[in-house]
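Reader: I have a fold open on my screen and I'd like to learn how to read it. Could you walk me through it, starting with what "buried" means?

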Amino acid sequence: MGNLFVVATPIGNLEDITLRALRVLREVALIAAEDTRTTRILLRKHGITTRLISYNEHNMAVRTPKLLAVLESSDVALVSEAGTPGVSDPGHQIIVAALEAGFPVISIPGPSAVIAALTTSGLPMREFTFLGFLPRRSGERRRALSKLAGEPRTLVLFESPRRLVQTLNDIYATLGDRRIAVCRELTKAFEEVFRGTVSEALSHFVEPRGEFTVVVEGALETATPVDEATILRELKRRLVDGSSARDAAAQVSAELSVRRRRVYELSLRLRSTTPPRRKAPPGG
């Protein structure tokens with residue numbers, strides 16, 4: 001009976017791999033890789049000639065039983081394109097299948113974009129919540145973020161360059177202008193860690209490029225209950241500036257740590273009594 005080794009590989013810099021991981025990759029009978037091209041570069045750098053096959057979301061239904069057959073007599077290593085297999089990457093299916101079939105599953109830990117971003121963010125790291133990739137659609141993304149408006153733990157998420165700006169806008173609308181660290185291309189040649197507020201990040205990342213890990217400050221605890229007058233004052237300021245009742249409620253709820261339903265009900269009441277912002281006359 002063989003072992004399934006879940007091997008963490010570099011998230012960028014090829015030097016970030018453990019001696020144990022290199023030994024395992026040399027000794028197993030087969031390496032199942034999310035992206036064989038990326039893994040082949042790593043293996044070539046370290047002179048490893050182990051047989052390599054692809055294992056990704058497109059073929060894992062077919063490949064899983066084949067890997068289980070190999071495990072009957074030999075060890076197999078599972079690697080993702082970067083970091084640890086199964087963490088927002090393919091791998092969970094073969095791990096569960098191997099465990100259910102009675103094969104030992106052994107972790108070979110190593111680089112992690114989540115931990116790298118968290119430890120360089122400057123934000124609290126004693127407790128954190130990992131969100132992986134948020135939903136692609138803005139409406140679904142805002143609903144997911146709204147549920148976390150009162151979450152005191154630091155939030156960590158992955159995002160693509162195509163959706164980074166939209167996601168930052170959604171974070172601002174639902175969680176408010178919190179402290180944030182936007183980490184780009186971690187451990188690679190053009191690594192960048194931007195630290196500031198959400199609004200400052202929106203001004204900074206106009207045309208995002210690369211892979212992003214985003215760290216967001218958790219909700220701050222309110223020492224004393226927030227009175228209605230304070231909530232109405234903050235809502236009125238945003239409504240006069242043109243925010244929708246929903247966005248204004250989300251921002252105030254996050255900033256004051258007040259239940260969103262309560263704030264939204266007040267925003268609707270205030271919206272009905274707040275005159276629209278007047279535009280200045282031409283030339284005025």
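Author: A residue counts as buried when its relative accessible area is under 20%. Keep in mind that this is a predicted model. Take phenylalanine 205: its relative accessible area is 5%, so it is buried. Phenylalanine 194 comes out at 14%, so that one is buried too.

Reader: What share of the 284 residues in the chain is buried?

Author: Buried residues account for 46% of them.

Reader: Back to those phenylalanines. How do I read an aromatic pair?

Author: You look at how far apart the ring centres are and at the angle between the planes; over 60 degrees counts as edge-to-face. There are four aromatic pairs here. In one of them, phenylalanine 194 and phenylalanine 205 sit 5.8 Å centre to centre with 75 degrees between the planes, so the pair is edge-to-face.

Reader: Which ring forms an aromatic pair with phenylalanine 205 at 5.6 Å centre to centre?

Author: Phenylalanine 212, again edge-to-face, with 90 degrees between the planes. Elsewhere, ring pairs tie Phe130, Phe133 and Phe158 into a cluster.

Reader: Now strands. Why is strand E7 said to be largely enclosed?

Author: You check burial residue by residue. In E7 (residues 154–159), six of the six residues are buried, so the rest of the structure largely encloses this strand. Thr154, Val156 and Phe158 point one way, while Leu155, Leu157 and Glu159 point the other way, and all are buried.

Reader: Which strands pair with E7, and in what sense?

Author: Strand E6 (residues 128–133) pairs with E7 in the parallel sense, over five bridges. There, phenylalanine 130 stands opposite valine 156. To get from E6 to E7 the chain passes through helix H6 (residues 138–146), and this β-α-β crossover is right-handed. E7 also has five bridges to strand E10 (residues 212–216), and these two run antiparallel. Leucine 155 has valine 216 as its bridge partner in E10.

Reader: What about an open sheet? How do I find its edges?

Author: Five strands here form an open sheet in the order E3-E2-E4-E1-E5, with parallel pairing. Strand E3 (52–54) and strand E5 (105–108) each have a single partner strand, so one side of each lacks a neighbour in the sheet. From one strand to the next, the twist averages 25 degrees. Within the sheet, strand E1 (residues 4–7) and strand E4 (residues 76–79) pair over three bridges, and leucine 4 stands opposite valine 76.

Reader: Which helices lie on that sheet?

Author: Two to look at are H1 and H2. Helix H1 (residues 19–27) lies across E1, strand E2 (30–33), E4 and E5, at about 135 degrees to E5. Helix H2 (residues 36–45) packs on the sheet and touches E2, E3 and E4, its direction making about 160 degrees with that of E3.

Reader: And how do I judge the overall shape?

Author: Start with the inventory: the protein chain has eleven helices and ten strands. Its radius of gyration is 24 Å, well over the 19 Å that the globule rule gives for 284 residues, so the chain is more spread out than a compact globule. The C-alpha trace spans about 75 × 40 × 35 Å along its principal axes.

How values were computed: Residues are numbered from 1 along each chain as its sequence is written. This is a predicted model: local features need pLDDT of at least 70, side-chain atom pairs count only at pLDDT 80 or more; totals for chains, interfaces and linings use all residues. Side-chain values use heavy atoms; hydrogens and water are left out. Buried means under 20% relative accessible area, exposed over 50%, partly exposed in between (1.4 Å probe, protein chains only). Helices (H or I, at least four residues) and strands (E, at least two) are DSSP runs, numbered from the N terminus. Two strands pair if DSSP finds at least two bridges between them. A crossover is right-handed if, with the strands pointing away from the viewer, the path from the first strand over the helix to the second runs clockwise. Axes are lines fitted to C-alpha atoms, for helices over the stretch in contact, and angles run from 0 to 180 degrees between N-to-C directions. Contact means heavy atoms within 4.5 Å. Rings of Phe, Tyr and Trp (its six-membered ring) pair if their centres lie within 6.5 Å; planes under 30 degrees apart count as stacked, over 60 as edge-to-face and the rest as tilted. The radius of gyration is taken over C-alpha atoms; the globule rule is 2.2 Å times the number of residues to the power 0.38.
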